[in-house]
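Please keep the sequence and the structure in view while reading.

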Amino acid sequence: DTEIIHAIPQEYVCDGQAGIKNPVGMSCSTLEARVHLIIAQVASASNIIKCISHAGLQTRDILLESLASSLAILSENEKDLGVLLIDIGGGTSDVAVFTGGNVKYSGVIPLGGDNITNDIAYGLKISRYDAENVKKKFACGIVDMIDPNEVVEVSDVLKGARTNARRSFLCEISEARLEQIFMMAKQMVEASPVGKRIYAGTVLTGGTALMPGIAATAPNTVP
């Protein structure tokens, strides 16, 4: 029920000589390749292709989200030196470690911006629609950046009326969920063989990365 969507070469081995990035032009009796395999659910990939087809477009290929993001935002120097990319989307957060010019580790965290929206909806007792708008306008990754006396107006779905909520409480909710996402990313990366090779730092992307203060939250939890 799965298929390979990427087989990314890490290095080649010619007659036992490892660490070769490009073996073209070399002479050897045995050639081996170490690759990073990325697999996906066949049904999920098929649904994506169907959605694109129904929109009147043709799908040329399927690309892992973190790899697509890396093409847009990471420099070749960052990829070569060693960088951690965290792409915080709506339903999931993608984690990828690049070093030596290639992706050496990738993973997916089943948490994203939608979870922050749900937390805000439950915490403030407002609809998910209002929670999403409140998150975009007033949420922050660090509570200490917010005036403790500042309030925001929301629609309480239980009371059926407009009410005031402390913005600091809203930011406590968003900060807690972000810390969880970053802590899970840290645990994934530290358990990988390349956890100690991130010399260029961490790069955040995705819609949730636009939240003020998020860059100050990450250093406390990621390598």
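At what angle do the axes of helix α5 and helix α6 cross, and within what distance do they come? The axes of α5 (residues 128-138) and α6 (residues 167-190) cross at roughly 100° and come within 11 Å. The model is predicted, so local features need pLDDT of at least 70 and side-chain atom pairs count only at pLDDT 80 or more, while totals for chains, interfaces and linings use all residues. Residues are numbered from 1 along each chain as its sequence is written, and side-chain values use heavy atoms, with hydrogens and water left out.

**Overall picture**

- The protein has seven helices and nine strands; helices (H or I, at least four residues) and strands (E, at least two) are DSSP runs, numbered from the N terminus.
- Taken along the principal axes, the C-alpha atoms of the protein fill a box of roughly 75 × 40 × 25 Å.
- Of its 223 residues, 40% count as buried; buried means under 20% relative accessible area, exposed over 50%, and partly exposed in between, with a 1.4 Å probe and protein chains only.
- Among contacts (heavy atoms within 4.5 Å) between residues at least 6 apart in sequence, 58% join residues at least 24 apart.

- Two packed helices are described by the angle between their axes and the distance between the axes.
- Axes here are lines fitted to C-alpha atoms, for helices over the stretch in contact, and angles run from 0 to 180 degrees between N-to-C directions.
- Helices α5 and α6 are therefore roughly perpendicular to each other; angles of 65 to 115 degrees count as such, under 35 as roughly parallel, over 145 as roughly antiparallel and the rest as oblique.
- On the α5 side, V134, K137 and F138 meet R167, L170 and C171 of α6.
- By class, the contact of α5 with α6 has four nonpolar, no polar and two charged residues; Ala, Val, Leu, Ile, Met, Phe, Trp, Tyr, Cys and Pro count as nonpolar, Asp, Glu, Lys and Arg as charged, and the others, Gly among them, as polar.
- F182 also lies in α6 and is buried, with a relative accessible area of 0%.
- The C-alpha atoms of F182 and A40 are separated by 23 Å, and the two residues are 142 residues apart along the chain.

- Three strands form an open sheet in the order β2-β1-β3, with antiparallel pairing; two strands pair if DSSP finds at least two bridges between them.
- Strands β2 (17-20) and β3 (31-41) stand at the edges with a single partner strand each, so one side of each has no neighbour in the sheet.
- Direction ignored, neighbouring strands of this sheet are turned by 40° against each other on average.
- Helix α1 packs on the sheet and touches β1 and β3, its direction making about 70° with that of β3.
- Strand β1 (residues 2-14) runs antiparallel to β3 and is joined to it by 11 bridges; P9 stands opposite V35 in β3.
- The 13 residues of α1 (residues 42-54) should span 18 Å at 1.5 Å a residue, which agrees with the 18 Å between its end C-alpha atoms; the expected span is 1.5 Å times one less than the number of residues.
- After α1 comes G56, whose phi is positive, near 85°.

**The four-stranded sheet**

- A second open sheet has four strands in the order β6-β5-β4-β9, with mixed pairing.
- Its edge strands are β6 (102-109) and β9, each of which pairs on one side only.
- Neighbouring strands of this sheet are turned by 15° against each other on average, direction ignored.
- Helix α6 packs on this sheet, touching β4, β5, β6 and β9, and its direction makes about 135° with that of β6.
- Strand β5 (residues 93-99) pairs with β6 in the antiparallel sense over seven bridges, and the bridge partner of D94 in β6 is V108.
- Strand β4 (residues 83-88) pairs with β9 in the parallel sense over four bridges, and D87 stands opposite T205 in β9.

- T205 has 17% relative accessibility and counts as buried.
- Leaving out residues up to four places away in sequence, T205 touches S69, I73, L85, I86, D87 and I88.
- Strands β7 (residues 151-156) and β8 (residues 161-166) run antiparallel and are joined by six bridges, with V152 opposite A165 in β8.
- The two strands β7 and β8 form a hairpin with four residues between them, and G160 in the turn has a positive phi of about 65°.
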